[in-house]
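Q: I have a model open here and would like to talk through how a few of its pieces pack. Could you take me through it?

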Amino acid sequence: MISRIDLRGNPGDPRDLLPRAEFDVEAALEKVRPICDDVRHRGVEALIELTERFDGVRLTDVRVPREAVDSALAGLDPAVRAALEESIRRARLVHRDQRREDVTTRVVPGGTVTERWVPVDRVGLYVPGGRAVYPSSVVMNVVPAQEAGVASLAVASPPQADFGGLPHPTILAACALLGVEEVYAVGGAQAVAMFAYGAGECDRANLVTGPGNIWVAAAKRLLKGVIGIDSEAGPTEIMVLADGTADPGHVAADLISQAEHDVVAASVLVTASEGLAAAVEAELGKRVAATRHSERVAEALGGRQSGIVLVDDLEQGLDVVNAYGAEHLEVMTADARGVADRVRNAGAVFLGAFAPVSLGDYCAGSNHVLPTGGCACHSSGLSVQTFLRGIHIVDYDRAALAGVARHVVALAEAEDLPAHGEAVTARIPREEQA
Ligand SMILES: NC(=O)c1ccc[n+]([C@@H]2O[C@H](COP(=O)([O-])OP(=O)(O)OC[C@H]3O[C@@H](n4cnc5c(N)ncnc54)[C@H](O)[C@@H]3O)[C@@H](O)[C@H]2O)c1
Ligand SMILES: N[C@H](CO)Cc1c[nH]c[nH+]1
Ligand SMILES: [Zn+2]
């Protein structure tokens with residue numbers, strides 16, 4: 001089942017030695033290119049054909065009627081409604097605190113630069129719905145967009161054959177709870193293309209965010225530039241850095257919890273404790289067979305992307321953690337806080353015995369749309385910041401420009417762009433340039 005990777009005594013670069021999914025977004029680009037071109041040129045007609053091909057559903061229209069969204073809320077299980085409301089409440093608390101104030105810097109008397117934070121005008125929010133349905137991803141996309149002040153937002157999620165070609169009712173109900181009125185029954189690469197180019201009733205968006213499978217990730221990579229994107233939030237990953245103080249039952253449960261998402265999900269334990277490794281293997285042996293999606297979990301845990309990595313000590317463990325840049329990192333060691341302070345690369349970090357990743361998936365208040373595939377080394381999870389752009393407002397009076405004119409002219413000449421300098425000299429004659 002889960003394999004062992006023994007890095008003890010191995011001084012090599014952990015990046016070359018660590019397991020990662022054979023998840024080749026580059027190769028998928030070739031497959032999604034014609035899909036995106038088709039949506040660009042044929043709009044809704046293409047969306048309907050692609051949906052029939054990839055989702056097995058023949059739609060007459062891709063826009064979800066308002067009544068369907070309202071009736072999904074009316075039919076929502078009260079316990080799920082209460083849970084979604086609490087998830088929204090906590091996410092709002094955290095994301096509201098991420099809002100940014102404009103900052104004005106007085107560079108010189110009479111010369112200021114203000115950074116103004118402006119939300120993008122329109123966003124397309126992708127909510128996955130292939131192997132599992134993700135009402136929680138509605139919350140994680142919509143709350144930061146709303147807190148950022150985005151004026152126009154639309155959600156897309158795959159149609160479900162069992163629900164008359166609409167997205168899953170809990171997804172629609174979550175949209176209703178959040179006041180989202182524009183919802184499309186479109187999944188995969190074609191949904192990203194719909195947002196990028198516009199189709200039928202769906203106006204083009206400036207930015208597309210949200211998690212998804214390889215086709216969604218590839219379409220986001222392909223269309224980046226036409227649209228802005230958040231990070232590539234692909235198949236889920238969990239890395240657990242643990243020592244002998246960790247509870248093997250907790251570790252095994254958490255590895256399984258994220259393996260449940262996808263056969264290419266990655267579950268990795270990093271430890272210097274042989275005892276813990278053996279105990280976790282034993283726990284996995286018991287728990288995998290008993291879990292509902294045991295086949296999917298077993299395939300994910302048995303894949304080359306999952307494993308138990310044995311290291312010499314916590315120092316090497318931290319090297320492994322920082323080289324890997326996991327989407328989720330759990331630190332289950334004595335002094336978890338001190339260890340976590342030394343983590344540089346991870347989408348989100350979960351501390352100690354009582355902060356499992358599944359808390360963050362639903363109700364911690366943190367965001368669960370996080371970078372995967374090592375993207376945590378350069379990207380952040382979804383936040384209010386994702387939906388904002390900083391615009392510099394430059395305001396200099398005559399005296400302030402005169403004070404720096406000769407430097408602008410000198411740099412313009414150094415770059416052989418003298419007209420740049422002349423634009424300043426036209427305002428401040430050479431003799432006045434200090
Ligand atoms: N990183 C994160 O923040 C995060 C959060 C939640 C979920 N996830 C991940 O999102 C993923 C969700 O994947 P999913 O498949 O369940 O749902 P999905 O909605 O991402 O993908 C389903 C769509 O893929 C398209 N598709 C299926 N087969 C195709 C093919 N052969 N060619 C082209 N398109 C095809 C279909 O149109 C379908 O609508 C999982 O890997 C999960 O781990 C990640
Ligand atoms: N673990 C996923 C992020 O990778 C998010 C999620 C949604 N529902 C359950 N889990
Ligand atoms: Zn999850």
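Q: Which residue follows H7, and what is its phi?
A: H7 is followed by Gly198, whose phi is positive, near 80°; helices (H or I, at least four residues) and strands (E, at least two) are DSSP runs, numbered from the N terminus.

Q: What should I keep in mind about the model and the numbering?
A: This is a predicted model, in which local features need pLDDT of at least 70 and side-chain atom pairs count only at pLDDT 80 or more, while totals for chains, interfaces and linings use all residues. Residues are numbered from 1 along each chain as its sequence is written, and chains are lettered from A and ligands numbered from 1 in the order in which they are written.

Q: How many residues of H7 are buried?
A: 9 of the 10 residues of H7 are buried, so the helix is largely enclosed by the rest of the structure; buried means that 20 or more other C-beta atoms, placed from the backbone, lie within 10 Å of the residue's own. Among them are Gln190, Met194 and Phe195.

Q: What do they pack against?
A: The buried residues of H7 pack against H2, E4, E5, strand E6 (183-184), strand E7 (207-209) and helix H8 (214-223), where a contact is a pair of residues whose C-beta atoms, placed from the backbone, lie within 7 Å.

Q: How does H2 sit on H7?
A: Helix H2 (residues 25-55) and helix H7 (residues 188-197) pack at an angle of about 130°, with their axes 8 Å apart. That makes H2 oblique to H7, since angles under 35 degrees count as roughly parallel, over 145 as roughly antiparallel, 65 to 115 as roughly perpendicular and the rest as oblique.

Q: What sort of residues meet there?
A: Residues including Val32, Cys36 and Phe54 in H2 meet residues including Ala193 and Tyr197 in H7. By class, this contact of H2 with H7 has 11 nonpolar, 3 polar and 1 charged residues, with Ala, Val, Leu, Ile, Met, Phe, Trp, Tyr, Cys and Pro counted as nonpolar, Asp, Glu, Lys and Arg as charged, and the others, Gly among them, as polar.

Q: And H2 with H8?
A: H2 and H8 pack at an angle of about 75°, with their axes 8 Å apart, and are therefore roughly perpendicular to each other.

Q: Switching to strands, what is E4 joined to?
A: 5 bridges join E4 to strand E5 (residues 152-156), and the two run parallel; Gly124 stands opposite Ala154 in E5. Strands pair if DSSP finds at least two bridges between them.

How values were computed
Axes are lines fitted to C-alpha atoms, for helices over the stretch in contact, and angles run from 0 to 180 degrees between N-to-C directions. Two residues are in contact if their C-beta atoms, placed from the backbone, lie within 7 Å. A residue is buried if 20 or more other C-beta atoms lie within 10 Å of its own, exposed if 12 or fewer, and partly exposed in between; C-beta atoms are placed from the backbone.
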